[in-house]
Amino acid sequence: MKITGIETFVVDAGWRPWSFVAVRTDEGITGYGECSDGRLPYSVVGTAQELETILLGKDPRPVETRYWDMYRTARQSPGGIAAKAIAGIELALWDIKAKALGVPVYELLGGPMRTSQRVYWSHCGSSRARAAEIIGVPPLHSWADVTELGKEVVARGFSALKTNIIFPGEQPGMYGPGWGGGAGTTDGTVTNALLDHIRTQLGTFRDAVGPNVDIALDLNFNFRVEAATRICRALEDLNMMWVEIDMYEPEGLREIRDAVRVPVCSGENLFTTREYRRYFEARAMDVCMVDVPWNGYANSKRVVEMAETFEVNCAPHNYYSHLSTLHSLHLCAVSPNIRICEIDIDDVPWKDDLVTEALEIDAGEAIIPARAGWGADLNEEVARAHVWERGRPPGYSSGSVA
């Protein structure tokens, strides 16, 4: 079997892009991988297309060899765009190998330890605050609307949710200075008014879902150590599943963890065990988040295995399409130390159509399919019908407290 070409897709998913790689072979098998980057999608797929030159004519089935071919080509650009492009191709290669053998991908790494995986409703309220019209749901005009959303989470069978800092109102918004903004937005501070707002938001969700549903808050890159510590302390009596903090300084994250009584989750922006090891050695995280579309399948498995040696649970980062969800579920299938898996429920109405097989969720558990490969293919016709405009910025919004 030989690789005959690589095709890429950048899909308009409403307020952010999804990116995919299709690897073609001379035996008619196509493998699919997701490598979505919400801000520089065409840079990622452009790199994937450049890597095609070293892969054409090669056998796709020795996946580790092909990975090192790509890694050595890009080794002076570790992480970031190059790593995501490599991951997308590597995921497609696993798909090819599994399809050729007629088995699910998880069988290639030891077979399943589970047949379903508990998932949490991610960006709960965040997506409605910035894209309610696209999703086709009522906007969040008030805390009463947030209460109704919490009750909806429970009614639909989910036992956990994650939210960002959101601002209900006539023009709802989401707090996001870590992604862009004007003067002062790089400072990473928190005001007393914002602390009170965060406390109100999380308390509203807690009252709505009751004592037994897990709640997580994602702070993204919006705060530095002192501010993140103050926020965590303000939430200590709400029985949080975790507070998620993005930070490229493991010792700073460890300072936060030592100072608060809520679990700290981090790691979604890291690449390979080389980067994760520093955080494990610093005991910086209660829960380790790993992004499969950015690390690839084998590297993600190595990260999870390393976490296990430090007695740390992992939670796949999965803010993407259902193909990414399948990548993450196959990682969960072969891992003994999974905390929970992320999934977005509020999304573009044609999300299910982007894959050829329906994703099944029952009582807050995603069923891990036993079909060959990832269990579903990218629907290329749907992908081509929703092309993300090159150069278009993602639709994130930054809120503020008056």
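User: In the hairpin of S2 and S3, which residue takes a positive phi?

Analyst: The model is predicted, so local features need pLDDT of at least 70 and side-chain atom pairs count only at pLDDT 80 or more, while totals for chains, interfaces and linings use all residues. Residues are numbered from 1 along each chain as its sequence is written, and side-chain values use heavy atoms, with hydrogens and water left out. Five residues lie between the two strands of this hairpin, strands being DSSP runs of E with at least two residues, numbered from the N terminus. The residue with a positive phi, near 80°, is Gly-28.

User: What is the bridge partner of Val-21 in S3?

Analyst: Strand S2 (residues 17-25) pairs with S3 in the antiparallel sense over four bridges, where pairing requires that DSSP finds at least two bridges between the strands. Within S3, the partner of Val-21 is Gly-33.

User: Are the residues of strand S3 buried or exposed?

Analyst: In a regular strand the side chains alternate between the two faces of the sheet. In S3 (residues 31-34), Gly-31 and Gly-33 point one way, and Tyr-32 and Glu-34 point the other way. With buried defined as under 20% relative accessible area and exposed as over 50% (1.4 Å probe, protein chains only), all of these residues are buried.

User: What radius of gyration does the protein have?

Analyst: The globule rule, 2.2 Å times the number of residues to the power 0.38, is compared with a radius taken over C-alpha atoms. For 402 residues a compact globule would come near 21 Å, and the protein agrees with this, having 20 Å.
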